[in-house]
Amino acid sequence: MVDEFEILEHTADVGVIARGADIGQAFANAGKALFSLITELEDVEEVIYREIEIDAQDRESLLVRWLNELIYIFDTENILLKVFDIQQLTNTSLKAVAYGEEVNTAKHQLKTGIKAATYHMLKIDENDGYRVQVLFDI
Amino acid sequence: MSAPWLEIVNKIDEYRWQIPPGYKEGMKVPGLIYTSKAMLDHIWEEQVFQQVANVAFLPGIVGSSLAMPDIHWGYGFPIGGVAGTRAQDGVVSPGGVGFDINCGVRLLRTNLTEDEVRPKISQLVSELFANVPSGLGSSGKLRVSEKELDEVLVKGSQWAVARGYGDAEDIELSEESGCIKGADPEKVSNRAKKRGIPQLGTLGSGNHFLEVEVVAEIYDKDIARVMGIDEVGQVLVLIHTGSRGLGHQVCDDYIALMNGAVKKYGIDLPDRQLACAPVKSAEGRDYMAAMAGAANYAWTNRQCITHWVRESFSKVLGGGRQKLGLEQVYDVAHNIAKIEEHNVEGKKQALCVHRKGATRAFPPNHPDIPSVYRDIGQPILIPGDMGRCSYVAVGTQLAMKETFGSTCHGAGRVQSRSAAKRSLKGVDIAQTLAARGITVKAASRGSLAEEASEAYKDVSDVVEVTDKAGISLKVVKAVPMGVIKG
């Protein structure tokens with residue numbers, strides 16, 4: 001099986017490449033990759049959920065908005081997310097439910113703070129499934 | 001073997017390397033990198049040439065797309081990049097400021113010497129760590145309402161001083177007096193405010209820090225004396241933080257907006273992260289008003305932290321301010337865009353100067369610097385990594401002429417965070433630093449390895465270039481004694 005995601009090395013920033021059989025799965029795995037940078041995913045349980053609905057002008061912007069929405073939820077509610085159910089996805093809109101758990105410092109080790117997903121080196125490729133690449137400012 | 005970049009750059013002198021506009025089709029001006037030959041290899045490997053060239057595409061850019069010696073690869077704009085665009089018909093780019101709007105540095109001086117502080121450094125670091133909220137996911141001790149946050153966005157440091165956080169003099173001794181005019185809370189989204197409310201008065205994580213340091217060398221005694229830095233061994237305090245989640249959200253909101261503006265105004269860009277809009281357009285004006293708000297939030301943040309630093313010193317070392325000192329030397333922004341007057345092609349023009357990982361370096365007698373520094377030039381604060389040293393410098397006329405009054409901002413990374421962690425696996429960074437007389441307390445062990453000296457260029461090499469090139473002159477070098485990392 002192909003890995004769901006991998007981490008891209010960069011000097012000042014950090015990127016991720018996420019894959020999926022369909023674009024929704026690739027978006028979901030990008031979300032997972034993002035939270036794998038913030039904490040150890042295995043320590044996170046699925047006890048709460050957040051519904052997410054966003055629009056953007058094109059698919060690339062939608063990917064950036066999606067990830068920035070997840071960063072926003074973490075930053076404002078202190079919630080670590082690990083499972084993403086993409087319910088509806090077009091080139092300009094996305095509906096999803098994300099599951100995870102509120103930060104508990106006794107249990108969760110927080111690793112890296114992520115400021116935002118960027119458009120720099122952003123890529124969405126279709127070739128035997130989907131592959132998305134995003135760079136974060138950290 | 002000859003370096004690949006030799007074919008591309010024109011050497012102007014030992015510290016100035018030009019990328020001609022022919023390097024990439026679409027460049028409106030040349031690129032100009034301030035660096036040494038020794039550092040160019042790394043800059044080339046990082047593809048920073050491409051990024052300097054990309055910035056040269058911005059409509060209305062004048063002079064050169066500039067890069068300071070601490071330049072390293074960033075998203076869109078390189079970190080260490082400076083660009084001046086005509087305010088009249090040029091653009092403003094949120095990516096040219098970055099996500100951490102008004103990330104910056106504040107320096108305090110004390111009346112204390114190393115001998116007086118060192119025996120209590122461990123206690124002092126613990127007290128500072130307890131008193132200044134830091135680390136990922138931390139929230140502040142301040143509880144502000146939405147209405148109060150709006151006041152923070154408009155008033156900056158003044159808001160904090162009016163509430164007892166700090167001295168009136170702190171305001172005067174800050175770039176822009178700790179408040180950029182024209183901030184409009186209406187232009188800052190509710191999402192940005194929601195991120196900003198709990199994080200006001202927090203240091204944050206990543207490369208942000210609070211450092212107790214000792215003067216190690218004074219290069220110009222007369223200039224240092226004007227800043228109240230009198231002798232080797234004197235203790236200083238350096239605070240490095242920015243606008244936290246509020247600034248990140250403002251940047252994100254406006255990059256999304258400007259992606260639309262790029263199409264609307266028919267702007268051709270090689271990288272979407274450079275998204276921009278004319279300074280005078282509604283989008284450009286709104287960004288400037290929101291960015292000013294985020295910048296003012298950052299100044300308020302550093303102002304509140306300053307107050308808690310003073311409290312902590314007083315608690316651990318005893319005695320009042322008279323004994324301790326802890327007066328502010330200066331506060332600089334190193335991620336910002338500002339409308340400034342500069343001479344371009346023999347004509348005074350209003351420019352939108354973007355400094356992303358670069359510090360303003362105004363010369364003596366410039367009207368925008370505090371009167372006490374009129375004769376020496378604007379103080380410039382250049383933090384290094386936590387294991388080496390930091391510098392204080394002053395701005396020059398040459399900077400005004402060549403770099404829109406700008407210079408470097410720090411060390412600049414050479415190693416990715418995970419590479420640093422890998423190469424330092426099993427090394428106890430805190431212990432290694434302790435053996436060198438540096439007490440460190442960090443919210444997470446991971447962040448210590450990520451920010452270790454090995455991950456950075458030596459700031460001394462960086463400062464050597466700006467000093468020799470004459471765009472800022474070094475005055476003081478200080479070494480860390482106690483560090484708090486987020």
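The model is predicted: local features need pLDDT of at least 70, side-chain atom pairs count only at pLDDT 80 or more, and totals for chains, interfaces and linings use all residues. Residues are numbered from 1 along each chain as its sequence is written, while chains are lettered from A and ligands numbered from 1 in the order in which they are written.

Start with chain B. It is divided into domain 1 (4-96) and domain 2 (104-485). These bounds come from an automatic or database domain assignment. The C-alpha centres of domain 1 and domain 2 of chain B lie 23 Å apart. Across the boundary, 41 residues of domain 1 of chain B are in contact with 52 residues of domain 2 of chain B. Contact means that two C-beta atoms, placed from the backbone, lie within 7 Å. On the domain 1 side, helix 1 (37-45), strand 4 (61-72), strand 5 (79-86) and strand 6 (91-92) of chain B each supply at least two residues. Helices (H or I, at least four residues) and strands (E, at least two) are DSSP runs, numbered from the N terminus. By class, that side of domain 1 of chain B has 20 nonpolar, 17 polar and four charged residues. Here Ala, Val, Leu, Ile, Met, Phe, Trp, Tyr, Cys and Pro count as nonpolar, Asp, Glu, Lys and Arg as charged, and the others, Gly among them, as polar.

Now bring in chain A. 28 residues of chain A are in contact with 37 residues of chain B. Strand 1 (5-9), helix 2 (59-77), strand 6 (116-126) and strand 7 (130-137) of chain A each supply at least two residues of the side that touches chain B. That side of chain A divides into eleven nonpolar, eleven polar and six charged residues.

Next comes the largest nonpolar core. A nonpolar core is a set of buried Ala, Val, Leu, Ile, Met, Phe, Trp, Tyr and Cys residues joined through C-beta atoms within 7 Å. A residue is buried if 20 or more other C-beta atoms lie within 10 Å of its own, exposed if 12 or fewer, and partly exposed in between, with C-beta atoms placed from the backbone. The largest core holds 208 residues, and A:Ala30 and B:Met291 touch the most other members. Helix 11 (residues 282-317) of chain B gives the most to this core, with 15 residues. Domain 1 and domain 2 of chain B both give residues to the core, so it lies between them. Leaving aside neighbours within four places in sequence, B:Met291 is in contact with B:Val97, B:Ile101, B:Val250 and B:Ala337.

Helix 11 of chain B also has a partner. Helix 10 (residues 244-264) of chain B packs with helix 11 of chain B at an angle of about 170°, with their axes 9 Å apart. Axes are lines fitted to C-alpha atoms, for helices over the stretch in contact, and angles run from 0 to 180 degrees between N-to-C directions. The angle makes helix 10 of chain B roughly antiparallel to helix 11 of chain B. Angles under 35 degrees count as roughly parallel, over 145 as roughly antiparallel, 65 to 115 as roughly perpendicular and the rest as oblique. Among the residues in this contact are B:Val250 and B:Tyr254 of helix 10 of chain B, and B:Met291 and B:Ala294 of helix 11 of chain B. The contact has twelve nonpolar, two polar and two charged residues.

Helix 8 (residues 190-199) of chain B is mostly covered, with seven of its ten residues buried. Those buried residues pack against helix 2 of chain A together with helix 5 (146-155), helix 10 and helix 11 of chain B. B:Gly201 follows helix 8 of chain B, and its phi is positive, near 80°.

Most residues other than glycine have a negative phi. B:Leu326 has a phi near 65°. B:Leu326 is found in strand 11 (residues 325-333) of chain B and counts as buried, with 21 C-beta neighbours inside 10 Å. B:Glu345 has a phi of about 50°. B:Glu345 lies in the loop between strand 12 (335-344) and strand 13 (347-356) of chain B and is exposed, with 7 other C-beta atoms within 10 Å.
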